[in-house]
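Good morning, and thank you for coming. Please keep the sequence and the structure in view while I speak.

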Amino acid sequence: MKLSKAWIVVLLVVIALISLRAMTGQGMGRVYVKAAPQTVEISADAATGTEAKTIRWMEWHAVPPKDYTAAQAADPAQTSIQMSWARTIGLWMAAFFTLAIFSFMYRDNPGYRVAEAVIIGVSAAYWMVIGFWDTIVPKLLGGLTPAFVREHILPTQIDQSFTQNIAMWCALALGIMLLMRLSSKGAWISLWPLAFIIGVTAGLKIVSHVESDLLAQSVATFKPLAAVQRDASGAFDLMPTIWKSLANILVVVGVLCCLVYFFFSVEHKGLVGRGARVGIWYLMITFGAAFGFTVMGRVALLAARMEFLFDDWLWLIDPAGKRAVDVAAMIVGI
Amino acid sequence: MDGYGGIQVSGFVRFLESLDRRWIYLAMAIAVAGPIIYIGLTGKTLPETATPAAQAVFDAIEELPSGGHVLFSFDFDPASGGELIPMATSIVRQCAARGHKMVFIALWPLGAQLVDETIKRVITADYPHMKEGVDYINFGYQAGNEAVMKVMLTDFAKAFPNSSNGTPTTQIPVVHGVTRASDFPLLVTISAGYPGAKEWIQYVVSSSGGRIKMVTGCTGVQTPQLYPYYPTQLTGMLGAIKGAAEYESIVNDAICKAHPGTTTPAKYLEAQRRMGPQLGAHLLMVVLIILGNIAFFAQKRAAAGAKS
């Protein structure tokens with residue numbers, strides 16, 4: 001497929017604007033960092049045989065570009081604030097991947113596929129690391145052998161009670177049984193831990209749903225159809241009474257009609273049919289509201305990415321005053 | 001001929017029918033980018049009026065006596081940051097201004113890093129007198145979803161034995177006197193999905209017998225699912241970026257009133273800035289829906305004309 005002439009023009013205009021922005025004035029897309037020396041004093045402890053020592057290391061904290069400009073103006077030879085190549089490359093990669101994902105709206109392309117593959121790969125690796133370091137090490141290994149884990153892996157690991165320790169051995173056994181799904185002959189063994197998981201989950205969910213959704217929501221539906229409202233002096237207030245009563249009536253009618261719609265034991269004819277029809281209207285309005293909120297959420301995410309491109313990458317806008325350059329100068333890049 | 005049995009439809013309708021969807025994407029990009037650049041250059045934002053749900057979040061934090069404990073659960077990751085970070089920033093700011101004790105936890109792995117960023121952005125930058133461990137603490141991420149909530153109901157220290165920097169919970173002054181979740185009078189969840197606000201209501205608020213008040217800031221996708229819980233089980237709610245902008249404006253007004261002559265830093269106007277692109281995008285969508293309906297009814301009319 002060839003790019004149409006109109007799209008080539010759009011693409012060239014965008015590339016020209018970005019190039020212009022990059023080559024004029026203070027440029028774009030750089031990250032500056034400031035050296036922040038860190039020190040920790042460890043005092044001697046005869047009980048544990050720890051010797052007194054001082055540990056020093058350097059941290060580099062991101063600072064706004066205006067701090068670099070000010071530091072350079074004061075002392076052109078200063079090195080406490082400098083450009084971070086690593087973070088700058090990270091920023092440009094973020095911009096590249098953002099544009100690569102956006103490019104799918106034009107059509108599928110290698111840039112999009114690279115970005116998609118990177119997201120999938122990074123996510124999978126990240127979740128594996130999280131699962132290992134936040135579940136298997138502290139919860140399973142830490143539960144089975146707390147002293148070993150504290151000594152060699154996690155210094156903050158606390159001891160477990162005898163019952164907790166036994167529970168962890170059970171968890172280990174169930175985990176191994178679950179892995180038997182990978183075996184063709186022993187796959188049936190994995191049904192036992194699955195049954196355990198389903199049973200525990202169902203038990204937890206049933207109780208919480210009955211409490212918070214069935215009972216509490218039913219109670220919340222019992223509303224007075226004539227909700228008399230009074231003002232601060234205790235006098236009857238007409239308009240709030242009308243609005244509150246109307247709101248309560250809408251809730252009660254909506255609940256009843258939606259329940260009727262999902263009641264299939266009786267044919268939807270006559271009064272039942274009309275009630276079900278009102279129920280459909282309620283459902284449609286609910287779906288519309290849900291769709292509207294979803295759109296709002298997605299537009300907010302799009303706006304956040306565009307802000308990143310215009311602010312952090314292109315240095316075209318500066319709402320947070322990070323670069324302290326006036327508006328006109330920002331537009332022309334001086 | 002136009003595919004309607006010889007009946008002519010206008011050129012404009014034919015143009016709409018054959019319009020490449022990519023021009024709509026470009027129009028949407030311009031509708032969103034235009035207000036961002038305008039607001040970014042001028043600093044002007046749209047006025048906001050708080051709805052009762054957003055006002056209820058503000059009131060719940062205000063009504064808590066100064067120094068009261070607030071439990072924050074950051075149940076989101078950077079993917080939802082565009083909507084939720086402005087809410088988190090403003091809620092932490094209001095709590096810090098009121099002098100509340102803040103205890104942060106995360107049930108999403110990346111929530112812990114977002115807690116750190118929020119603490120740096122708000123508390124370290126603007127409330128430097130607040131001390132870690134005394135006025136606030138980050139317990140970081142804990143795996144287990146609902147199981148963590150259930151354990152917190154009976155033993156907070158068991159669910160979070162250490163803070164994120166490794167200090168044992170029993171040695172952290174800010175949680176002295178806190179033994180279980182119901183010892184927190186106010187729970188704030190910033191929620192993007194599962195586990196999130198719904199699970200907190202189901203497993204903690206409902207089980208606490210009304211001792212815990214809960215407010216939430218949630219994504220647009222979650223908002224319709226949580227409305228049934230408001231205001232009985234959920235004291236207040238910030239729905240999507242609109243809720244964030246409303247709440248941000250109330251907090252900014254309150255702090256400016258308390259400290260006359262101060263201006264609001266740009267980092268506390270993030271949600272209000274994002275309402276400009278919302279306006280542009282929504283106007284474009286309204287126009288597109290109208291045009292789509294015009295094309296639909298024109299087609300229908302032409303088809304009916306062809307039959308007759």
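This is a predicted model: local features need pLDDT of at least 70, side-chain atom pairs count only at pLDDT 80 or more; totals for chains, interfaces and linings use all residues.

Let us begin with helix α1 of chain A, which covers residues 5-23. The expected span of a helix is 1.5 Å times one less than its number of residues. For the 19 residues of α1(A) that gives 27 Å, and the end C-alpha atoms are 27 Å apart, so the two values agree.

Residues are numbered from 1 along each chain as its sequence is written, and chains are lettered from A and ligands numbered from 1 in the order in which they are written.

Now consider chain A as a whole. It has 10 helices and 3 strands, and from the N terminus on they run α-β-β-α-β-α-α-α-α-α-α-α-α. The radius of gyration, taken over C-alpha atoms, is 32 Å for chain A, whereas a compact globule of 334 residues would have one near 20 Å; the globule rule is 2.2 Å times the number of residues to the power 0.38. Along its principal axes the C-alpha trace of chain A spans about 85 × 65 × 65 Å. Of the 334 residues, 11% count as buried. Chain A is divided into domain 1 (1-30), domain 2 (32-83) and domain 3 (223-302), with bounds that come from an automatic or database domain assignment. The C-alpha centres of domain 2 and domain 3 of chain A lie 60 Å apart.

In chain B, the assignment gives domain 1 (11-44 + 277-307) and domain 2 (52-272). Their C-alpha centres lie 39 Å apart. How many residues of α4(B) are buried? The number is 14 of 18, so α4(B) is largely enclosed by the rest of the structure. This helix reaches 25 Å from its first C-alpha to its last, close to the 26 Å expected. After α4(B) comes G99(B), whose phi is positive, near 75°.

Next, the two chains together. Two residues are in contact if their C-beta atoms, placed from the backbone, lie within 7 Å. By that rule, 44 residues of chain B are in contact with 42 residues of chain A. On the side of chain B that touches chain A, the largest share, 9 residues, comes from α2(B). L26(B) lies in that helix, and counts as partly exposed because it has 16 C-beta neighbours inside 10 Å.

Finally, the largest nonpolar core has 93 residues, and V57(B) is one of those with the most contacts inside it. Such a core is a set of buried Ala, Val, Leu, Ile, Met, Phe, Trp, Tyr and Cys residues joined through C-beta atoms within 7 Å. Helix α9 of chain A (residues 270-313) gives the most to this core, with 11 residues.

Technical notes: Helices (H or I, at least four residues) and strands (E, at least two) are DSSP runs, numbered from the N terminus. A residue is buried if 20 or more other C-beta atoms lie within 10 Å of its own, exposed if 12 or fewer, and partly exposed in between; C-beta atoms are placed from the backbone.
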